[in-house]
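Please look over the sequence and the three-dimensional structure shown here before reading on.

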Amino acid sequence: TLTDNIAHGESGASWDFAGHGGAILCDSRSATTVIGCEISGNSSYLNPAATGGKGGGICCYNADGVEIINCTIINNDYSQHDYGGGIHIETSANVLVSGCIVEGNRGDYRGEGVFIFGSTDVTVEFSDINANGTTSTSGYGHGLAVIESSDSILINSCQIKNNGSIAGIGRGGGVTAEDSTNVTFNYCDISNNTANQGGGVYLENCSPDILDCTVSNNTTAGTVSYGAGGICCWTGASPYIHRSIIEWNEMTKSSTFKNGGGVYCWDGTSPFIQSCRIRYNMAQDEGGGVFVYGSASPSILLSEISFNSADAGGGIAASNNTVLWSCLITNNTAQVGAGVLCDDVDTSITFCTFNLNEAEVSGGGVMCNGASSNPQIENNIFWGNAVQTPTAPELEQIGMNSGVPTVNYCNVEG
């Protein structure tokens, strides 16, 4: 058991590792194996700290061949604008974290639970990363952060829960992945996390594979919040999301931009979503299930979009390049466009079933809004969708404020 230690270094110290690794520092001089240890209440500190204080519990710096197995890493912290309250992995290779509990660690910048930077061949598996967080105005990746890393970063079968930011504009309450390649999240549960942007997951210039994961009950918080309660795809993010469940995520009422309860696709991103369930998500404004902004071009295939709600676009608020293929879009609610809102866009909708969606005003199934809204709607079923106060029966299935949709080979009730 390693408890209540402090790694303390002075700014400008000649030793590269000053102030790093509150309990354990792993460097290039030897391979290290840590098994079955409790590492708690330790701190890293650099004073005065422009940068410093890496790895309140464990710091791997320029290391090669580190194994951290069946350890409990709790209530550690780093201070003053640096990274990795529990575990810090920087410019290292061949690092394995397996069967660990990483909980209650604190810091004021990035990766309060686990921070991975500039590293290769890192695996974090079968671990619980819980209740890590910050009070910083700029923190992100509160549970786990992957930054500027490449070549086989695998996060497998982990529980990433109850992490978050309580102030400022923190990004990625559960997970942040930025400027990285070859990142995979596999069989992870990312739930009950909070941030101001991307309550569950925040992606930027990174296109990970998100496979067989659950992203649920995540929220945004704060008056400047925007970008998804569940998964936020920001600049340059085009993830492959497969066989995953994205549910019960929420953009809160206090958010400035209340769009994208489940998934938010920022301008220029192109996520590929296949065989997923996106359900029970909520946004105050647009896109309860999925919100697509500007020139974003997501493809959503073979997926269920259900029981989501928003003011407009309860299931999906679509963009010019959105592709929907062979999806079930059902039981979503909104003022307009309960199933899908096409707002001045040419969305492609093919082989989909729209059923039991309900709008208050128009477009129970699909709503075409704006003079440039000319979606291609082919080989779809529209049945049992409803509008509470329809001005014409056909508006219950496909509503048109303006624009000219192309509808071919569809089965439309009414």
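The questions and answers below concern this predicted model.

Q: How many helices and how many strands does the chain have?
A: The secondary structure is counted along a chain of 414 residues. Strands are found in it, and their count is 54. The chain has zero helices and 54 strands.

Q: What percentage of the contacts between residues at least 6 apart in sequence join residues at least 24 apart?
A: The contacts considered here are those in the chain between residues at least 6 apart in sequence. Among these, the share that joins residues at least 24 apart is 82%.

Q: In which sense do strands β11 and β15 pair?
A: Strand β11 covers residues 87-90, and strand β15 covers residues 114-117. The two strands pair over four bridges. Within this pairing, H88 stands opposite F115 in β15. The sense of the pairing is parallel.

Q: Which residue in β19 is the bridge partner of V114?
A: Strand β15 also pairs with strand β19, residues 144-147, in the parallel sense. Four bridges join β15 and β19. In β19, the bridge partner of V114 is L144.

Q: Why is the aromatic pair of Y264 and F291 classed as tilted?
A: A search of the whole structure finds 11 aromatic pairs. In the pair of Y264 and F291, the ring centres are 5.2 Å apart and the planes stand at 40°. Planes under 30 degrees apart count as stacked and those over 60 as edge-to-face.

Q: Is the pair of F354 and F382 stacked or edge-to-face?
A: The ring centres of F354 and F382 are 4.6 Å apart, with 10° between the planes. The pair links distant parts of the chain, with F354 in strand β46 and F382 in strand β50, 28 residues apart. Planes under 30 degrees apart receive one particular class. The pair of F354 and F382 is therefore stacked.

Q: Are F354 and F382 buried or exposed?
A: Residues under 20% relative accessible area count as buried, and those over 50% as exposed. Across the chain, 58% of the residues are buried. F354 and F382 are both buried.

How values were computed
Residues are numbered from 1 along each chain as its sequence is written. This is a predicted model: local features need pLDDT of at least 70, side-chain atom pairs count only at pLDDT 80 or more; totals for chains, interfaces and linings use all residues. Side-chain values use heavy atoms; hydrogens and water are left out. Rings of Phe, Tyr and Trp (its six-membered ring) pair if their centres lie within 6.5 Å; planes under 30 degrees apart count as stacked, over 60 as edge-to-face and the rest as tilted. Buried means under 20% relative accessible area, exposed over 50%, partly exposed in between (1.4 Å probe, protein chains only). Contact means heavy atoms within 4.5 Å. Two strands pair if DSSP finds at least two bridges between them.
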